[in-house]
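Please read them with the structure open.

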Amino acid sequence: MTVKTESWGSRVGLILAMAGNAVGLGNFLRFPVQAVQNGGGAFIIPYLVCFLIMGIPLLFIEWSSGRYGGKFGNHSTPYILDSMAKGRIWKYIGVFGIFTNIAVAAYYTYIESWTMSYVFHSLIGTFEGMTQMEVANFFSTYVDVGISTTGIPYEAVIFYILCLAINIYILSRGLEGIEKVAKIGMPLLILFGVILAVRGLTLGASGQSEAFPDANAWEGLNFLWTPQFDSLANPKVWLAAAGQIFFTLSVGMGTIHCYAAYVRSKDDIALNAVSAGFMNEFVEVVLGSSIVIPIAAGYLGLDWVLENAGFGMAFQTMPFLFQQWGPTLAALAGLFWFGLLFFAGITSSLAMGTPWMGFMKDEFNWGKIKGAVTFGLLTLLMGLPCVFFFQEGVFDEYDYWAGTVSLVIFALLETIVFSWVFGINKGWKEINEGSDITIPSIYKFIIKYVTPLMLLLVFLGSLITPLDNDWIASFNSFTTGNGWLLDNSSIIKQLTQAGLKEQISLATDAASISVLENRIFYSNMARVQLIALFLVIVLIIYVSYRKRRREGRATL
Amino acid sequence: MNSIAIFIMVSAMGSVTTATIYFFYKVLTAPPKPEPDSYSDNDETPKE
């Protein structure tokens, strides 16, 4: 057993760091949109069911795997998995637990830098007097790095590098730095969120205008929470709920393993996992549903929300809505909104740095500063194409392959390793060791059978997403011998870039065709970069394995 | 808002908030494990 040179300061600090890792921009932007698109109030039923049968078990699996690996001095997924099962292959599955974090951090810190920049712009009154269209255009101008909104050349790049530098500095302070940020950031995030949620819940019809005479915040809430029970029979809704639970908890990334690897065997992980998981749910269900949709419906009306609900609302709509509260309150609301998004972002991006740092420390004895700086450089190297070619689709490509597909693949594999290779009996014992709560024994069955099955369904659902996401029509088409028509959002169609190719075939003017062909080029470039990063990490793991063999530390 | 929407919203938010407070309260009131534990703030001598 290895002597622990680093440790968490307190249990509350660890839980806040774990909750901060889970709470991200998706809690405020993805969840309400998913709910609106999938049956309103009825979405919450599959959502909470998936939280109990997939989310909580995955948290148990990742916390206990991490703590188990930590016993042997392993703080990142390659050797955490290696310590759980005999065989050389497992550590290479763990590549995902480093790869995903660097690739996601590359574009995630870019979004984080937007929130920093928007706090700045809110405070200096940039959005004062702007129309909704002007606010929306401001965002497009901002992400076009050639144009400056402040006079600072390459403003978006500078904010990105500044944001990355803040992350590197905090990471270089180790767990102590991360814990300190979580202890400040999470309470502030909740405070800002509560202030804005109270406004969203009490706005009512006071935001009506000549342009939007029917605007009403309660209509937004009504739509969000009125159940359409027939949607419960639609597989699309269940897959969307499972997907949302999956992404909101930050499982399948390797960050939870890394944080938990610093917990000793006799200390609880079960209550910690449940507590951090529910903290994330509070931010998502209570705060996330009470801000964007009701405030937007309160000023722009429900019809506008239904047409425009999406990620872009955070930056392209909210600053305009805040302006309706007068300059001082608008500046404060901008500070609260983008401040809470910033804290949601940074507590997650810091977590993404720890698997790389933990791995390099374990295998090559790198210090915190060296680990943090190299993580920052790798992230910058991967991230700059995202910044410069944002509008050409590099960002979306990273988000799809690293931030979506990789997570599902890794979570599925690690669940199989935990339940079937490591063995559910050993796994169950590991989860319960030192536990401060009694876990219902039904979870042993759920972890072994239900969770892997759910993950398999989520993966297959993404692999062969039917045309227009209409599972029932596709199933009927398949059983009547007409084949399974794939949607362009399915993994198979994404691999072949079918959507872009289809757009090219439909385009009539040369300019549009050229833009689309450019997107294919940049999309391929992004894929090459992701594959290169993956292979580099595989190589580093192979080198570390050779080193372990020389030192007589290799498990096989 | 219609009454069923209010019911669903209050039930969902209420149950999630109650569970969050309950589990966090359990964390705060759980008896500490004997030293050496995983946390350095309660150590008599600070760790490296």
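**Notes on the two chains**

1. Start with Ser38(B), which sits in the segment after helix H1 (3–29) of chain B. Helices (H or I, at least four residues) and strands (E, at least two) are DSSP runs, numbered from the N terminus. Ser38(B) is buried, with 24 other C-beta atoms within 10 Å. The cut-offs: buried means 20 or more other C-beta atoms within 10 Å of the residue's own, exposed means 12 or fewer, and partly exposed is in between, with C-beta atoms placed from the backbone.

2. The model is predicted; local features need pLDDT of at least 70, side-chain atom pairs count only at pLDDT 80 or more, and totals for chains, interfaces and linings use all residues. Residues are numbered from 1 along each chain as its sequence is written, while chains are lettered from A and ligands numbered from 1 in the order in which they are written.

3. What does Ser38(B) touch, leaving aside its neighbours within four places in sequence? The partners are Ser7(A), Trp8(A), Tyr262(A), Val263(A), Arg264(A) and Asp267(A). Contact here means C-beta atoms, placed from the backbone, within 7 Å.

4. Now the whole interface. Chain B puts 25 residues in contact with 34 residues of chain A. The chain B side has 14 nonpolar, five polar and six charged residues. Ala, Val, Leu, Ile, Met, Phe, Trp, Tyr, Cys and Pro count as nonpolar; Asp, Glu, Lys and Arg as charged; the others, Gly among them, as polar.

5. Chain B has one helix and zero strands. Its C-alpha trace spans about 60 × 20 × 10 Å along the principal axes. Of its 48 residues, 21% count as buried.

6. Chain A has 25 helices and zero strands. Its radius of gyration is 23 Å, close to the 24 Å that the globule rule gives for 556 residues, so chain A is as compact as a globular protein of that length. The radius is taken over C-alpha atoms, and the rule is 2.2 Å times the number of residues to the power 0.38. The C-alpha trace of chain A spans about 75 × 60 × 55 Å along its principal axes. In chain A, 55% of the 556 residues count as buried. Among its contacts between residues at least 6 apart in sequence, 80% join residues at least 24 apart.

7. The largest nonpolar core has 191 residues. Such a core is a set of buried Ala, Val, Leu, Ile, Met, Phe, Trp, Tyr and Cys residues joined through C-beta atoms within 7 Å. Ile102(A), Ala103(A), Ala242(A), Phe246(A), Ala296(A) and Tyr398(A) touch the most other members. Helix H18 (residues 327–364) of chain A gives the largest share, 19 residues. Beyond its neighbours within four places in sequence, Ile102(A) contacts Trp356(A), Leu378(A), Thr379(A), Met382(A) and Leu533(A).

8. Check one helix crossing. The axes of H11 (residues 235–248) and H21 (residues 442–463) of chain A come within 10 Å and cross at roughly 110°. That makes H11(A) roughly perpendicular to H21(A). Leu239(A), Ala242(A), Gly243(A) and Phe246(A) of H11(A) meet Met454(A), Val458(A) and Gly461(A) of H21(A). These residues divide into five nonpolar, two polar and no charged. Axes are lines fitted to C-alpha atoms, for helices over the stretch in contact, with angles from 0 to 180 degrees between N-to-C directions. Angles under 35 degrees count as roughly parallel, over 145 as roughly antiparallel, 65 to 115 as roughly perpendicular and the rest as oblique.

Definitions and conventions:
Contact = placed C-beta atoms within 7 Å.
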